[in-house]
Amino acid sequence: MMNLSGKNLCIIVIALTIALSGCKQKSPSGNPNEMALHHVLYTKVRTLDPMSLRDVYGLTVLSQVCEPLYQYHFLKRPYELIPLLAEDMPQVSDDLLTYTIKIKKGVRFQDDACFKDGIGRELKAGDFVYQLKRVASIKNVSENWSLFENRIVGLDAFREYTGTCKTAADVDYNKSIEGLQTPDDYTLVIKLTKPWPQLIGTALADMVTSPVAKESVDYYGPDIISHPVGTGPFKLSVWQRATYIELVRNPSFRGETYPTEGEPGDKEAGFLDDAGKPIPFADKITWTIIEEYQPAWLLFLQGKTDASPVPKDNYFEVFTSVGGLTEKMEQRNIRLETFDDPSVFWLGFNMHDPVLGKNKPLRQAINRAIDRQKFIDLFFNGRHRIAWGFIPPTIPGYDPNIVNKGFARYDPNEARELLKQAEKINGGPIPELKIANPGTDTFSRQMGQFLKMQLNDVGIDVEISYMDWPTYQEKINTSSEQIFFSGASFSIPDAEDFLNSFYSRNKAPGSNKFNYDNPEYDRLYEQASVMLDSPERTELYRKMELLVLEDCPAAFLNHRVALVLLHDWYKNYKPNVFAYGVSKYRRIDMKKRAEYPDLVKKLRD
């Protein structure tokens, strides 16, 4: 799962409003024939090192530079995993414990000063092994470690070994690991301690396993977070931390072609117009970092961004009373894409906190105090869905009867009664509680004030701390906050992607930011995690969800429905909810983009 607060569970945080595309036109080269994609990020990026990357913001950028072994087909639905850096799908042993993967030959890292004569060398199977060792090393404190713990033969032992090293520089990355073998430069063999049905989608199609050249880590040291050296179609050109990111075409990219097949209707929709053509189409990708929605919205209307979400304050500028686009939008040749994002957002409770962790009535009182429908109506114009549980309706394993369980029921009177019970357990009045909110913009502050008023109404006093994304991540990964406003977008079509966020071995800085611990849940998770898809596994998933909802380590709020506006020059925009490295498929109709200023002027006159 991806962090929207981030891919195990992309725990994505409260990019309750992340733009799926859009940004300030900025072309230092001044070349009018240069095809550039212009995007917006609504927060700062913390790191571009795949070892520690877990949030959607960094992944959005890095996935254009680095590549994993596998990817989801851009057009096919249901979603289908296909080779990217791998030559083919893995050969899997009958006992499901050994995966043999052939690596494509002729793939080269981008040219970079870290290599001899600045020329990128060829990718080898050992580069994947090196990256997994980096994740495992205790010295690197990777929040992705919980994804691999107790999964690969010998990798945990290597991690224990790194704990005996005095410094990170003392770690011997040449030490062999039984479960990670490279019989030759183009063959990777992974041996598992137990079956891992989600291995390909969860790990081998994730940025965390994208290969890293040891030369780049040795050359850049701690600054590797600012110098990604990948094999992908683009390379980092400019990163002005708080304002701007620019990628340019990688001239040494091996080459790839646009898909030649998709699902029914793709041809008619124009998604196969570029079938078989070399990609990427764009020469450059830019992201302007804008933490307020109104300035970004104005840029979109001016034609300086290719796409935009619909800000809540501009909803009626975009939609008519019956839900269609307004005349203003249609006259500008703006179109709308709407789709269910497999996501969930919540108020999370730090179960290690002495006030919250042992006081279930207090956590339940907070849960009952929040009017989710009002929250959705106010901030998302009624378009999102109430999260009655945490598995989204679009993910296999979703329980359609969860709505009848009442865990997300708004009941302020019951909240007040639960608060009385909580005060008895606490031995007196509940002290002021602290909520961490990842955002300092107006939208984040409005949501924070809404939650504060809801909780104040039932007698719970709270203070909202607004912080930028890097600061927020540091706080949550170190369990420094009582309550945190967060969310996650599933990175694979399997509920296990979020269920691992409540497994006790994955506590922070792992995916279990709640620090939730329930032996029965762990038992069921360990049983389900080695099972292939089946009705029996689905039943275990639903039991685990109910256990979490009963224990209340979070108040789940909403599932997002994405509304994305696109200028008609932005081509090949087909939503792919499990992929980030899709900019290589995007194309700009340069003639239409060039004509837009005259169109706006004509409409204004």
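1. Where is the place of Asn150? Asn150 sits in the loop between helix 3 (145–148) and helix 4. Helices (H or I, at least four residues) and strands (E, at least two) are DSSP runs, numbered from the N terminus. Asn150 is not a glycine, yet has a positive phi of about 60°. Most residues other than glycine have a negative phi, and most peptide bonds are trans.

2. On the basis of the note: this is a predicted model, in which local features need pLDDT of at least 70 and side-chain atom pairs count only at pLDDT 80 or more, while totals for chains, interfaces and linings use all residues. Residues are numbered from 1 along each chain as its sequence is written, and side-chain values use heavy atoms, with hydrogens and water left out.

3. One joins Arg77 and Pro78, with omega about 0°; Pro78 belongs to the loop between strand 4 and strand 5 (81–83). Another runs from Ile279 to Pro280, with omega near 10°, and Pro280 lies in the loop between strand 13 (278–279) and strand 14 (284–289).

4. Helix 2 (residues 125–136) and helix 4 (residues 155–163) have axes that come within 9 Å and cross at roughly 55°. Axes are lines fitted to C-alpha atoms, for helices over the stretch in contact, and angles run from 0 to 180 degrees between N-to-C directions. Helix 2 is therefore oblique to helix 4; angles under 35 degrees count as roughly parallel, over 145 as roughly antiparallel, 65 to 115 as roughly perpendicular and the rest as oblique. The crossing of helix 2 and helix 4 is right-handed (left-handed if the near helix is turned anticlockwise from the far one by less than a right angle, right-handed if clockwise). Leu132, Lys133, Val135 and Ala136 of helix 2 make the contact with Leu155, Phe158, Arg159 and Thr162 of helix 4, where contact means heavy atoms within 4.5 Å. By class, the residues of this contact divide into 5 nonpolar, 1 polar and 2 charged. Here Ala, Val, Leu, Ile, Met, Phe, Trp, Tyr, Cys and Pro count as nonpolar, Asp, Glu, Lys and Arg as charged, and the others, Gly among them, as polar.

5. Helix 2 also lies across strand 8 and strand 9 (187–191), and runs at about 165° to strand 8. An open sheet of 4 strands has the order 6-7-9-8, with antiparallel pairing; two strands pair if DSSP finds at least two bridges between them. Its edge strands are strand 6 (91–92) and strand 8 (180–184), each pairing on one side only. Strand 6 is joined to strand 7 (residues 98–102) by 2 bridges, and Gln91 stands opposite Thr100 in strand 7.

6. What is the order of the strands in the open sheet of 3 strands? The order is 15-23-16, and the pairing is antiparallel. Strand 15 (307–309) and strand 16 (334–340) are the edge strands. On average, neighbouring strands of this sheet are turned by 25° against each other, direction ignored. Strand 16 pairs with strand 23 (residues 561–567) over 7 bridges, and Ile334 stands opposite His567 in strand 23.

7. Helix 10 (residues 360–369) packs with helix 12 (residues 412–426) at an angle of about 160°, the axes being 8 Å apart. Helix 10 is therefore roughly antiparallel to helix 12, and their crossing is left-handed. The residues of this contact comprise 10 nonpolar, 2 polar and 2 charged.

8. Helix 16 (residues 519–528) and helix 17 (residues 535–551) have axes that come within 10 Å and cross at roughly 155°. These two helices are therefore roughly antiparallel to each other, with a left-handed crossing. Among the residues that meet are Tyr521, Leu524 and Tyr525 in helix 16 and Leu540, Met544 and Leu547 in helix 17. The contact of helix 16 with helix 17 has 9 nonpolar, 1 polar and 3 charged residues.

9. The structure holds 45 aromatic pairs. Rings of Phe, Tyr and Trp (its six-membered ring) pair if their centres lie within 6.5 Å; planes under 30 degrees apart count as stacked, over 60 as edge-to-face and the rest as tilted. The rings of Tyr72 and Phe578 have centres 5.7 Å apart and planes at 40°, so this pair is tilted. Tyr72 is in strand 4 (residues 70–72) and Phe578 in the loop between strand 24 (570–571) and strand 25 (587–588), so that the pair links distant parts of the chain, 506 residues apart.
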